[in-house]
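Dear colleague,

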Amino acid sequence: MGTPVKIDAVPVVTSAEADAWHEVVSASMAEDLPGVPPPTRAQAHAGLTGPWLGSRLLTWLAFADDDRGGGRAVGAATLRLFDRRGQEHLAEVNLHVRPDARRRGTGTRLLAAVLAAAESEERRSLIAEAPAGTAADLYCVRHGFRRALTLHHLLLPLSEEHRGRLEGLAGTEHPGYRTAEWTGTVPDALADSFAAAKNAMHDMPIGDLDHGSLTWDAERVRAMAAVVAERGDTLLTVAAVHGDGTAGIAGYTEIVIPGGTAARALQYDTAVVPAHRGHGLGVWLKARMLRRLLDEHPQVTEVETDNAAENTHMLAVNERLGFRPLRTTYEYQLSLAEREQRA
Ligand SMILES: CC(C)(COP(=O)(O)OP(=O)(O)OC[C@H]1O[C@@H](n2cnc3c(N)ncnc32)[C@H](O)[C@@H]1OP(=O)(O)O)[C@@H](O)C(=O)NCCC(=O)NCCS
């Protein structure tokens with residue numbers, strides 16, 4: 001056994017504690033996810049202190065006993081407790097140990113603290129994401145998590161040389177549909193219809209994940225945009241609007257640019273309402289969004305997305321747009337109810 005560790009719950013994250021978390025996570029990501037940009041200090045701080053939409057975050061830091069004086073953290077964990085109706089059973093753990101401090105039981109000690117909190121919050125399911133073929137993958141299995149979903153992460157290089165191909169896809173006629181674009185909060189006239197379209201994400205394949213389901217309304221949609229803005233990120237939306245007058249949203253795609261200036265943009269939702277599927281709206285909307293990035297955010301040189309392995313339709317859409325495989329992660333799930341029964 002290595003050096004004993006001390007696990008500290010961090011009820012209110014100070015700037016020094018956010019720095020400690022950031023250092024641990026950056027070192028850990030460099031080991032397991034080379035090439036994936038770690039969060040900046042500012043993003044780490046904002047991510048730990050909130051505000052969040054429909055969830056709360058608990059934080060722990062692990063210190064090696066002999067390093068306590070120097071304040072060097074060797075591990076860090078967060079537990080996101082979802083509070084929204086339909087997801088009160090769920091919590092998500094994110095746990096990192098510095099590469100030079102691994103295999104000494106720190107991860108296990110951190111998880112024990114996380115599990116105790118999840119149980120006292122009466123959560124039924126704990127989920128965690130682990131990159132395929134890494135220590136985390138083996139660690140999750142060792143701790144009784146079950147693999148519930150395989151996610152393929154894809155990356156699209158974006159530059160002026162792609163414009164011609166994108167124009168071809170973005171410029172296709174879709175009779176009966178027009179596009180609406182906005183930055184940040186949805187325009188009032190489209191808010192209810194946008195919330196209804198967001199509910200179309202409910203049939204997205206999520207494997208065996210006990211994820212629950214949320215219902216969107218205009219207020220929630222606005223609150224989500226406010227949270228993204230408060231983090232300093234830019235949220236772009238392109239929607240397909242069907243018909244005239246009191247037209248409804250038939251589909252939409254969302255991109256987030258971390259810090260508003262990052263080179264790697266992140267794909268958020270893309271959804272087409274069931275009644276409007278089969279008309280090529282998904283490719284059309286995504287191509288228009290990529291063209292918009294070229295026009296309005298030329299510093300964006302790549303876009304990352306992830307799709308469930310069984311979401312063959314969206315994987316095909318993304319392949320057509322030029323996305324290429326980047327890495328695979330697994331969503332693991334631990335049933336706390338089963339664990340209790342076994343105890
Ligand atoms: C996953 C992680 C937190 C484990 O931290 P750790 O302090 O090394 O974990 P522990 O020492 O408590 O390991 C517990 C058990 O997990 C398994 N395990 C952990 N790392 C392993 C590895 N590299 N190879 C094989 N088994 C491993 C072993 O069964 C180990 O027990 P053992 O050492 O007695 O054999 C760490 O590897 C990490 O930070 N990974 C990157 C972050 C990440 O992807 N987190 C996502 C999960 S939420």
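Predicted model: local features only at pLDDT ≥ 70, side-chain atom pairs only at ≥ 80, totals over all residues.

Residues are numbered from 1 along each chain as its sequence is written.

The chain has 10 helices and 12 strands, where helices (H or I, at least four residues) and strands (E, at least two) are DSSP runs numbered from the N terminus. Its radius of gyration is 21 Å, close to the 20 Å that the globule rule gives for 343 residues, so the chain is as compact as a globular protein of that length; the radius is taken over C-alpha atoms, and the rule is 2.2 Å times the number of residues to the power 0.38. Of the 343 residues, 34% are buried, meaning that 20 or more other C-beta atoms, placed from the backbone, lie within 10 Å of the residue's own.

The chain is divided into domain 1 (5-123) and domain 2 (154-328), with bounds that come from an automatic or database domain assignment. Their centres, taken over C-alpha atoms, are separated by 30 Å, and 12 residues of domain 1 are in contact with 13 residues of domain 2, a contact being two C-beta atoms, placed from the backbone, within 7 Å.

Around the ligand there are 23 residues, of which the closest are Arg 102, Gly 107, Thr 108, Ala 135 and Ala 136; a residue counts here if its C-beta atom, placed from the backbone, lies within 6 Å of the molecule. The elements that give two or more residues to this shell are α1 (15-32), β4 (90-97), α3 (106-120), β5 (125-131) and α4 (135-142).

In helix α6 (residues 191-198), the buried residues are Ser 193, Phe 194, Ala 197 and Lys 198. They cover an arc of only 145° around the axis, which puts them on the same side of α6, the arc being that of the directions from the helix axis to the C-beta atoms. These buried residues pack against α7 (218-230), β8 (234-242), β9 and β10.

Finally, Ala 262 is found in the loop between β9 (248-257) and β10 (264-272), and Ala 262 is buried, with 20 other C-beta atoms within 10 Å. Ala 262 and Gln 299 are 37 residues apart in sequence, yet 7.2 Å apart in space, C-alpha to C-alpha.

Technical notes
Buried ≥ 20, exposed ≤ 12 C-beta atoms within 10 Å, placed from the backbone.
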